Amino acid sequence: MSSPRRRVLTRRVRGFENFAIPTSGAAIHGVRGGSGPPVLLLHGIPETHLMWHKVAPALAANYTIVATDLRGYGASAKPPSDPDHAPYGMRALANDQVEVMASLGFNRFAVVGHDRGARCAYRLALDHPAAVSHLAVMDIVPTGDAYARADREFAHSYWMWAFLSAPEPVPEQLISAAPHVLVDFMLDNWPSQPRSFPDEVRAAYIAAFRDPETVHAICEEYRAAATVDVAADEADRGGAASSARRSCCGVPRAWWPACTTRSPSGAPGPRT
C-alpha cells in the first residue's frame, strides 16, 4: 500500500536562518536564530532540526539557538562509513557539533538533546567538557547501560535497536520498500501525544527516509551504538580519571537516572 500524500514542509523555522558548515568529518546543516547565551538543540530519530520548530522560536527570545541535523540526518552530509562504524559513532557526531559551534563563534555553550541527540549531547560533554556550560539529556539512559541491562522486555519493546543495527543491507532494503511505514510507526507509537506532529512535519521526516543514503547512515549509527559507543561508555565508567571527566562540565557524577521513558510495564526504558 502506498503512503498517503502529505504536504512536505518547505518553510523555514520562523525567524531563523539556514546554514551549512563544513567540519573535519561532515558538512552539517542547521538553523540559527535569537540572541543571548548560545544553546545547541539536537534532535532524535526519525526527526531533523524541525523537531524544534515550535520550541526554538520561543527560546530565541532569550538565547541564541542553534538547531542542527545530526550527521546522516536531514540535509547534513552522509560520509562513507568504515567496517568498525566509527564514522557514525557518537564521538564523531559530537565532534561535528563542537566544530559547528566554534565556526559560529561559540566555544562554550549549553546543549539540549533528545533521544539520539541526547546520546550525542552526553558524549559531547564527556569528550569536550570545556565547551559545555549546561547539559540536558531527555528520554535516554546511556547506551552502555541500555545494552548491559537488556532483557526479554527490552528486546520486545526496543526492537528498533536490533533491527537497525542488523548487518547491511538487510534493514536498508526493508526500509526502502516502505519508508513511511517505519516513520509512521515511530511517530504514532512513541510519543505520549501522537498528534503533536503536524502533517507537513511528518511528511518532511518521511521524505528524508526515502533517501537511501540517509537510511544507511542511520543504520550505521545504530551499528556504531552497539560497538564503538558501548566501548566509549564503558571506558568512561569508574576510576578517578573517568569520574573527573563526568563531573568537570557540571554534569552529576551519576549517570542520568531521571532521563528515562517508561516501557509498557511501567519500568524505566532507554527510548532510542
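Leaving aside its neighbours within four places in sequence, with which residues is F106 in contact? In this predicted model, the partners are R32, P38, T64, V66 and M101. F106 itself sits in the loop between α2 and β5. Its relative accessibility is 13%, so F106 counts as buried, the cut-off being under 20%. F106 also lies 9.5 Å from V39, C-alpha to C-alpha, although 67 residues separate F106 and V39 in sequence.

The strands come next. An open sheet is formed by six strands. Their order is β1-β2-β4-β3-β5-β6, and the pairing is mixed. The edges are taken by β1 (17–22) and β6 (132–138). Each of these two has a single partner strand, so one side of each is left without a neighbour in the sheet. On average, neighbouring strands of this sheet are turned by 25° against each other, direction ignored.

Helix α2 spans residues 90–103. It lies across five strands: β1, β2, β3 (38–42), β4 (64–68) and β5 (109–114). Relative to β3, α2 runs at about 145°.

Helix α2 also packs against helix α3, which covers residues 116–127. The angle between α2 and α3 is about 75°, and their axes are 8 Å apart. The two helices are therefore roughly perpendicular to each other, a class that takes in angles of 65 to 115 degrees. On the α2 side, the contact is made by M90, R91, L93, A94, Q97 and V98. On the α3 side, R116, R119, C120, R123, L124 and D127 take part. By class, this contact has six nonpolar, one polar and five charged residues.

The largest nonpolar core holds 66 residues. The members that touch the most other members are L40, L41, I45, F109, V111, L124 and F209. Helix α3 gives the most to this core, with seven residues. In soluble globular proteins, nonpolar side chains tend to be buried together.

L124 links several of these elements. It belongs to the α3 side of the helix contact and is one of the core members that touch the most others. Leaving aside neighbours within four places in sequence, L124 is in contact with L40, A94, Q97, V98, F109, V111, P129 and V132. Among these partners, A94, Q97 and V98 are α2 residues of the helix contact, while L40, F109 and V111 are named with L124 in the core.

Definitions and conventions
Residues are numbered from 1 along each chain as its sequence is written. This is a predicted model: local features need pLDDT of at least 70, side-chain atom pairs count only at pLDDT 80 or more; totals for chains, interfaces and linings use all residues. Side-chain values use heavy atoms; hydrogens and water are left out. Two strands pair if DSSP finds at least two bridges between them. Helices (H or I, at least four residues) and strands (E, at least two) are DSSP runs, numbered from the N terminus. Axes are lines fitted to C-alpha atoms, for helices over the stretch in contact, and angles run from 0 to 180 degrees between N-to-C directions. Contact means heavy atoms within 4.5 Å. Angles under 35 degrees count as roughly parallel, over 145 as roughly antiparallel, 65 to 115 as roughly perpendicular and the rest as oblique. Ala, Val, Leu, Ile, Met, Phe, Trp, Tyr, Cys and Pro count as nonpolar, Asp, Glu, Lys and Arg as charged, and the others, Gly among them, as polar. A nonpolar core is a set of buried Ala, Val, Leu, Ile, Met, Phe, Trp, Tyr and Cys residues joined through side-chain atoms within 4.5 Å. Buried means under 20% relative accessible area, exposed over 50%, partly exposed in between (1.4 Å probe, protein chains only).
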